[in-house]
Amino acid sequence: MSDAIEASTSSSSSPRESVFIHPRREPFEHGLLPIPKLIFTDPNATLAPLRDKLVVAAADHPARRVDSKALSDALQISLDHARLVVDTLTSVLHDDADPLVRAKSSEIDAVGADVYDLILFLYIQSYKRLLPRTHKDSAAVADVWPSTSAFDGYLSALSPLQLVRSNSRRFMPSQADEEAHQLSYLQKHLANILSLLAEPVEGEGEESLVLTMERFEHLGFLIQFGEKGSEGVTLSQAAPFFANSDPDMPAVPVPAAQVHDWVLQNIASALEHISERVSAKENGPPNATDQDVAMADACVSSMKSPKSARGPSFIEGISKSSYVKQAPDLKGSSLKAVRVEHCERVHVIAAAKRICIANCRECVFFLGVNQQPLIVGDNHKLQVAPYNTFYSQLEEHMNQVGIEPTVNKWDELLALGVVDPHDSLSHPAGVSDIQAESATRLDPDQFTNFLIPNWFGGESAGTTKDNPFPLPDAYMASQQRNHKNLGEIKQILRETPLEENRKRELSCALHVFFKDWLYASGNIRQLYCLQGD
């Protein structure tokens, strides 16, 4: 493509290859919040005066940034929602060197958010997700959960498990579809976005908008260069108007119109490239390692996954199987936040800065999280519990991404609306005001530790010997009580003299009681699921 940026490989004699522009998936897929006051019908008209107000508020901050209180006052939203905005922004920021990314949970407000990152974050709250693909069989398209339905007025009765079995996931948007949709959104809104970042030349009025290199780099929140966000090409390096700037001298500001034309050209090239790639995929033989594999086929290849460069890591379409990703598979991926959606009867164990749970049923979440768990959409019978496992490199990995084991907000749930205003679906009046069903705490007597299976033979070197997240008193007491009871039973069995036939009878009785417990607790389902259909 003539408009694509050309980047040379590491060898000076190697051929030059095209490097396309990509949307950053993180803000579009993890940064959208279903808070009505954040969704503006005319983002540019609303955000321009808000930007000016935040710039004034930032002048009172020691680092000239914006804290939750200033944001709450400016947007007229609750302090809890303002803190959620700042926390979410922190999770999807593009610059790992930003002080907000490195800040501990207790330091977030003291550090504050950059005004222009906040403005871009608020702007994309107007984004609407892509609808399922059209298909000649309208009934098949409607067979997607959740969707509008006469069953209960606004959500389909089809559960996530039924969605897997129906294979209707084939009509859900692929990652290529989503990327093209996000690029098209940026293409449409680019002029407005640039006007919010630009500033007029002194004495020449609003018609002479320019961007400094610093303001231009804020676009990195929304777009990036390189396949799937691979490292190496920053926006200023890719742009012809900043590429050769002297690092010791301030770069000359560039007309916003010039930036606008250059970005549009690159978006057009990227969209054409995606179209060609999709066309080749549809007309060529199926690829077993494709990330867009349909749900019904995912179980076959669930133990294999293509290594991806920096960007979100997806696990989807898994039913009645175990999915393993090791550290080398995730190297370079952006794992600051976890989003769990469309799951049914699943146990999720997650250590993360942030987790969002959407449209799940009868799931249990064992969490070690530094931010309040966010619950949105149509959820039923969810339970939460403290984190319950470890592996030898856990603390090392937590340190790499800045997760604090001393801060666990596993039960400080924040439930927002049932209806996601970003889903492009129409909903009956009044539904948007309904709050999502929250989760209940797991009974401490039902809490057990999870032992990670050693599937790959041999233990990797690491220093973690126990769960790094301290257990709440009630769960610790229950665990100690269970351990004590088990120890007493073992001792009684050891000290009780039994003949061989009585030992066999005791063994059979224990087996029967264990089987009864499996059925009564529902854990028998896990054994059946591992066996497959």
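Which residue stands opposite Phe 365 in β13? Val 384 does: Phe 365 and Val 384 face each other there. Here are some friendly notes on the rest.

1. **What you are looking at.** This is a predicted model, in which local features need pLDDT of at least 70, side-chain atom pairs count only at pLDDT 80 or more, and totals for chains, interfaces and linings use all residues. Residues are numbered from 1 along each chain as its sequence is written, and side-chain values use heavy atoms, with hydrogens and water left out.

2. **Strand β11.** Helices (H or I, at least four residues) and strands (E, at least two) are DSSP runs, numbered from the N terminus. Strand β11 covers residues 364-369, and six of its six residues are buried, so the rest of the structure largely encloses this strand. Buried means under 20% relative accessible area, exposed over 50%, and partly exposed in between (1.4 Å probe, protein chains only). In a regular strand the side chains alternate between the two faces of the sheet. You can see this in β11: Val 364, Phe 366 and Gly 368 point one way, Phe 365, Leu 367 and Val 369 point the other way, and all are buried.

3. **The partners of β11.** Two strands pair if DSSP finds at least two bridges between them. Strand β9 (residues 347-352) runs parallel to β11, joined by six bridges, and Val 348 has Phe 365 as its bridge partner in β11. Strand β13 (residues 382-386) also runs parallel to β11, with four bridges; here Leu 367 has Pro 386 as its bridge partner.

4. **Onward from β13.** Four of the five residues of β13 are buried, so this strand too is largely enclosed by the rest of the structure. β13 pairs with β15 in the parallel sense over three bridges, and Gln 383 finds its bridge partner, Thr 440, in β15.

5. **An open sheet.** Look next for the four strands in the order β8-β10-β12-β14, an open sheet with parallel pairing. Its edge strands, β8 (337-341) and β14 (414-415), each pair on one side only. β8 and β10 (residues 354-358) run parallel and share five bridges, with Val 338 opposite Ile 355 in β10.

6. **Aromatic pairs.** Rings of Phe, Tyr and Trp (its six-membered ring) pair if their centres lie within 6.5 Å; planes under 30 degrees apart count as stacked, over 60 as edge-to-face and the rest as tilted. The structure holds twelve aromatic pairs. One of them is tilted, because the rings of Phe 366 and Phe 447 have centres 6.2 Å apart and planes at 50°. This pair links distant parts of the chain, 81 residues apart: Phe 366 lies in strand β11, and Phe 447 in the loop between β15 (439-441) and α17 (473-495). Both Phe 366 and Phe 447 are buried. Trp 410 sits in the loop between α16 (394-401) and β14, while Tyr 475 is in helix α17, 65 residues apart. Trp 410 and Tyr 475 are buried. Elsewhere, Phe 216, Phe 225, Phe 241 and Trp 262 form one aromatic cluster.

7. **Helix α3.** Six of the eight residues of helix α3 (residues 68-75) are buried, so the helix is largely enclosed by the rest of the structure. The buried residues are Ser 68, Ala 70, Leu 71, Ser 72, Ala 74 and Leu 75. Their cover includes α2 (43-58), α4 (79-92), α6 (108-111) and α7 (115-123), where contact means heavy atoms within 4.5 Å. Just after α3, Gln 76 takes a positive phi of about 60°.

8. **A buried glutamine.** Gln 182, found in helix α10 (residues 175-197), is buried, with a relative accessible area of 1%. Setting aside neighbours within four places in sequence, Gln 182 is in contact with Pro 23, Arg 25, Phe 28, Glu 29 and Tyr 127.

9. **Cysteines.** The structure holds zero disulfides, a disulfide being a pair of cysteine sulfur atoms within 2.5 Å. For Cys 343, which is in no disulfide, the nearest cysteine sulfur is that of Cys 360, 4.7 Å away. Is Cys 508 buried or exposed? Cys 508 counts as exposed, because its relative accessibility is 51%.
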